[in-house]
Amino acid sequence: MSKKPPQTAVIIIPTYNEADNIGRMIDHLCTKTFVDIAKSSVLTSDWQMKILVVDGNSPDGTGQVVAKKAKKYPDVYLFTETSKDGIGAAYLKGFKYAMEKLKADFVFEFDGDFQHPPETIPVMLEAVEQGYDHVIGSRKIKGGSNPKGWGFKRLFFSEIGGLTARFILFFPFKNFFKVTDPTTGLKVTRVKGFVDKMSMDYSRLLSKSFGYKLQLLFETLKMGAKFKEIPLQFHVRNAGESKIEPQTAKDIFRVAFLLRWRDDFTQKFLKFGTVGFVGYLINALFLSFYSRLWSIEWLAWLLSTEMAIISNFTLNNVWTFKKDQISGPIAILKKFIQFNFTSAGALLIQTIAGTLTVATFGSEYRQLALPFIIVFLVLPYNWFMYNKVIWKKK
Ligand code: GDD
Ligand code: MN
């Protein structure tokens with residue numbers, strides 16, 4: 001008897017009109033891939049491998065082929081949808097079934113048309129044994145590739161589309177560099193802490209079609225998944241036709257944009273920027289007003305700057321950082337004083353950097369330096385102070 005810890009991995013294969021592929025695929029997985037996994041000297045778990053086909057009620061008899069195979073192999077399951085609801089919906093139905101009925105520890109997303117080589121499955125299992133929570137097959141890293149048979153147009157769309165999606169979703173943060181193939185279809189995800197924390201209600205998907213890939217990737221990374229890419233040699237389809245439609249590209253960009261736009265971080269940052277801009281307007285307005293009212297120059301500067309500080313503090317408190325709002329007169333007063341100090345810090349940074357720039361490059365660079373100092377020094381400083389000091393999470 002083996003002492004290896006048993007774990008269950010469910011290979012979920014959505015199908016629509018894959019009658020010419022799915023039988024062969026199931027045979028290959030059960031008689032070759034799963035046997036290799038059981039015999040592997042590298043893998044340290046006792047992997048219980050299961051296949052779950054989620055069929056969109058294909059008219060070509062895919063369901064019958066799978067039902068036959070399920071009689072032959074005890075670890076093959078068929079879930080038949082009432083209708084074709086899109087690949088994203090099919091996967092969420094599959095995840096739910098795999099968790100509830102098959103006690104999955106890991107769920108694979110796997111195509112039924114041999115475009116994903118079955119030999120990648122043990123490689124991905126190796127990665128999850130090393131502690132990774134989300135492992136995807138990438139065509140863009142060393143060892144990965146696009147199908148040899150792809151024409152220029154398909155290649156172009158895949159490359160530019162993938163890069164644009166990466167950019168919209170993650171630029172300029174670390175995931176932009178870590179995720180090289182955001183639209184890939186080959187994935188494995190840990191159930192505990194990740195898939196079991198997701199809503200399986202597929203009406204929540206921004207796209208029930210191929211765009212769901214981006215959404216689940218984005219959400220899983222947001223949950224803090226340990227992430228890894230393995231090389232994927234994406235093959236040409238074995239038989240049948242792709243279900244990708246012409247509107248898929250547009251759909252993918254829409255989903256990428258919405259994910260980034262609705263993200264908490266984005267919303268907070270945009271509000272922070274707006275409040276900063278309003279602060280600038282208030283500063284300028286009161287500066288002109290006070291300087292016309294009296295002729296004490298320094299007082300006009302001091303008071304107008306303080307007006308901007310009051311505006312920044314108030315608007316950020318009730319809007320940008322609403323979730324961590326400061327309330328009660330004593331707390332507000334204390335934080336407001338602290339806020340004046342951090343604002344003075346920003347003033348100091350700007351003064352020093354501005355003076356140094358002019359001293360180094362000459363006064364003709366004064367105006368050019370200002371926006372750079374604001375964007376690269378003052379903004380990051382304020383953002384940091386607001387998040388980590390003033391509106392620090394409890
Ligand atoms: N149940 C169900 N319902 N299955 C579906 C549906 C659906 O609406 N649409 C597609 N499928 C199944 C297909 O039968 C196939 O097994 C699998 O999902 C992948 O669909 P394909 O139609 O073969 O997609 P593709 O090869 O064009 O696209 C692949 O590459 C893309 C990246 O370029 C997939 O791996 C995509 O997920 C990936 O984004
Ligand atoms: Mn395919």
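Me: How many salt bridges does the structure hold?
Reply: This is a predicted model, in which local features need pLDDT of at least 70 and side-chain atom pairs count only at pLDDT 80 or more, while totals for chains, interfaces and linings use all residues. Residues are numbered from 1 along each chain as its sequence is written, chains are lettered from A and ligands numbered from 1 in the order in which they are written, and side-chain values use heavy atoms, with hydrogens and water left out. Taking a salt bridge as a side-chain nitrogen of Lys or Arg within 4 Å of a carboxyl oxygen of Asp or Glu, the number of salt bridges in the structure is 18.

Me: Asp-27 forms a salt bridge with which residue?
Reply: Asp-27 lies in helix H1 (residues 19-39) and its partner in helix H2 (residues 62-72), 42 residues apart, where helices are DSSP runs (H or I, at least four residues) numbered from the N terminus. The closest N and O atoms are 3.0 Å apart, and the partner is Lys-69.

Me: Is Lys-69 buried or exposed?
Reply: Buried means under 20% relative accessible area, exposed over 50%, and partly exposed in between (1.4 Å probe, protein chains only). Asp-27, at 22%, is partly exposed. Lys-69 has a relative accessibility of 16%, so this residue counts as buried.

Me: Which residue meets Lys-222 in a salt bridge?
Reply: Lys-222 lies in helix H7 and the partner in the loop between helix H8 (248-262) and helix H9 (264-293), so the pair ties together parts that are 41 residues apart in sequence. The N to O distance is 3.0 Å, and the partner is Asp-263.

Definitions and conventions: Helices (H or I, at least four residues) and strands (E, at least two) are DSSP runs, numbered from the N terminus.
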